Amino acid sequence: MTANLSRTWANVTLDCASFRTSVRFLKLDMPPMRTYAPADAPSVLARLLDEPSLARGVVHHAVIPQRAATFAPMPEWLDPRIVSGLADRGIDQLYTHQAEAVESVHRGEDVVVVTPTASGKTLCYALPTLQSIADDPSARALFLFPTKALGQDQVAEFGELSAAAGLSILTSTYDGDTPAPIRSAIRSAGQVVVTNPDMLHSAILPHHTKWFQLFEQLKVIVIDELHTYRGVFGGHVANVLRRLLRICAHYGSRPVIVCCSATIGNPGGLAAMLTGRSARLVDRNGAPAGERHVLLVDPPIMEPASGARSSAATLAQRWALPFLRAGRQTIVFGRSRVAVEILLTGLRESLRESYGPRSRVRGYRGGYLPTERRAIERGLRDGEILGVVATNALELGVDIGRLDVAVLAGYPGSVAATWQQFGRAGRRQGTSVAVLVASGSPVDQYVIHHPGFLLDNTPEEARLDPDNLHVLLAHLRAATFELPFEPGEVFGPGPADDLLAFLAEERHVRQADDGRWYWSSENFPASEISLRAAAPENVVIIDTTPDRPRVLGEVDLFSAQVLVHERAIYIHESVQYYVDRLEWGERKAYVHRVDVDHYTYANRAVTLKPLEIFAEAPATGGRKIHGEVMVASLVTLFKKLKFLTDENVGWGPIDLPELELQTTAYWLTAESVRGTWRRDDLDVALLGAGRAIQTVAAVLLMGDPRDLGLVTQVRSPHAEQPTIYLYEAVPGGIGLAERLWQRHAELVAGAADLISACSCDGGCPACTGPRLEPGVDAKALALRLLAELGADAGSLAR
């Protein structure tokens, strides 16, 4: 798994190097549209499709027709002041999904609203909140947003709604930037508190006695961008919400919960996993939408033998430039901060040379000052800014008005994120254009050659496991600090007494004579929990380059072995750092900034041993199994590889202890292959098929490929059969392995589709992984194995 992570870092750096090259030579590839001449988006698109060098890269072109709005009347119970305020803003009736949501909340039902970008989800929770406070000014609401920018944007939007209704409502953002004097005022008088899960976890819940006005009168909890709470982060946030609802119950309140989400396969299930309560699903969208052209574009293969493709960034710029020259408001999404800056530089340089609107194209990413970001958002809304190059900081619901074109330089990682980025164009009707330019990564290639995956009902699901033992114990400590536990009190899957007894052995809690469990340690447990990691132990990376050393970031122990071993080149936001020393016992790595022409790749030896089988069933060609495994990892040496060429220019030893990870896994055995394969061929086939299955698994479950580790064994010591293991790279797992076991047939068929659709000769990084054995047809061998495991003939023929 972590070897894959090392290769991922290498790919990031390779992409950045190719970005730099593309910026220098971009002008050689431009279509002959050189002047700044206003034109509408369909006209520009037609000209681009007449350009052969661009048109032949279009894998799929879909036209989504215009959709009319469906309306419902304003609820009769809505305060006349709110109705009047909405009318002043041109809103005389609600979209049907808004009406359904607000009526449900008014009845006290939890809801989860799942509609596209710019469909007016804000009113689904804003109107019930306004009504609650209009009825009772002492009522309170808590809005949770995953990012500060989105929280600040919603504060402004809610403030405008309340002002239009003539209601004086104190709406405040409570985050890391909030000054101390203002924090005190928010605690005592804030009627609507807007924050994020991290602040709720560390700054509000542990100090709930200072927030008693909020918790006693809390009527509405809003959880926006629900689909972002998945994986380890989602498991942590689910436990934060358990703690929140426990404190609400202590103060006598039972707030209704309103969740808003982009389109995913299991919104109701995700909301239930996150909140522990069932919710009414509102997913019949009543908002209008203009016609949208969606184009899926594949960069050409430059080297058929290796499968190397031209830069997605170069091609994304070629698609964006003509729209900018024609005066169409355009957003280009890059997948990293450095990619954004390089894309921006290339666009501005090309516009300067062709006398285009260079100064009206801006960048937008994390690291910009809040004032800069607000100015860019305002410029997009009023039309002063014509183009913006952004990371996913603009993917979420920040209001930037109507744009005409969205160009994505690389698949964002999930169907939900893709449609949110597509939705930035045509937000307020009118014809729009959305272009997804794939990179050469396996996930990108799978998505680009399966247009139905993006354009039809998505099969992907967001998963989390709030009952992961490591996560659950950490939050049980924090919950005991906040309030003592009654005997038999439920926290998570059942009564917490057994887990509390375990914590008592560690002297963190104690059971008093009254039977209640109390916190007994001097530690502040919330400060020891990172919502972004499952295991408490990470290696902190310290940059010694500046005069005063600063913390650069942190990595988990498994990743630290290959990323920050001594003499490694560690890459952070595409900046290179040399690792001077790794203090393994202290969990600290000391680095300094360098500029070199190579990266490091550490060889990791991974062994896997099944511990317990949770579920097992026959499958075509073998068996599918889900269970608990022990993964042992030992890193022994590293290589220095040159960018672009991967030429080996040196190596060195690594002296680190073996690590063990107890987690869950899904595995499949290939029982039908005995005696019919040469051992070497079977080894190549297992690895190629396994990599393809790993890619499809990441797509179906909305996960990062690094969340799943891969081990293949020609003869498994456990099953004595050829076996492919996919294990979760998180202690205890988060439920991914069980879902993979349930979707076994889809994984095998999807892997065959991915490999057969690839245009490479005999296997490449986009399908079966890097070619380790020149002259061996890994593609054919992997497809042969997948056919024996049940992939249908139609998939293999494509």
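The following paragraphs describe a predicted model, from the whole chain down to single residues. Local features are taken where pLDDT is at least 70, side-chain atom pairs count only at pLDDT 80 or more, and totals for chains, interfaces and linings use all residues. Residues are numbered from 1 along each chain as its sequence is written, and side-chain values use heavy atoms, with hydrogens and water left out.

The protein chain has 26 helices and 31 strands; helices (H or I, at least four residues) and strands (E, at least two) are DSSP runs, numbered from the N terminus. Of its 798 residues, 57% count as buried, meaning under 20% relative accessible area with a 1.4 Å probe, protein chains only (exposed is over 50%, partly exposed in between). The chain exposes about 31,500 Å², 50% of which is supplied by carbon and sulfur atoms; these areas come from the Shrake-Rupley method with a 1.4 Å probe. Among contacts (heavy atoms within 4.5 Å) with a separation of 6 or more, 72% are between residues 24 or more positions apart.

In soluble globular proteins, nonpolar side chains tend to be buried together. Here the largest nonpolar core has 76 residues; such a core is a set of buried Ala, Val, Leu, Ile, Met, Phe, Trp, Tyr and Cys residues joined through side-chain atoms within 4.5 Å. Leu436, Leu785 and Leu786 touch the most other members. Helix α22 (residues 679–700) gives the largest share of this core, 11 residues. Leaving aside residues up to four places away in sequence, Leu785 touches Ala670, Val673, Trp677, Ala685, Leu686 and Ala689. A second, separate core holds 46 residues, including Val114, Phe215, Ile257 and Leu531.

Helix α5 (residues 96–106) is largely enclosed by the rest of the structure, because 8 of its 11 residues are buried. These are His97, Gln98, Ala99, Glu100, Ala101, Val102, Ser104 and Val105. Their cover includes the strands β2 (71–72), β3 (94–95), β4 (111–114), β9 (256–261) and β10 (280–282), as well as helix α6 (121–135). After α5 comes Gly108, with a positive phi near 90°.

Asp298 counts as buried because its relative accessibility is 10%. Its side chain makes a polar contact of 3.0 Å with the side chain of Gln445; a polar contact is a pair of N or O atoms within 3.5 Å, where within protein one must be able to donate a hydrogen and the other to accept it, and residues adjacent in sequence count only if both atoms are side-chain atoms. Apart from residues up to four places away in sequence, Asp298 touches Gly57, Val59, Arg309, Leu315, Ala438, Gln445, Ile448 and His449.
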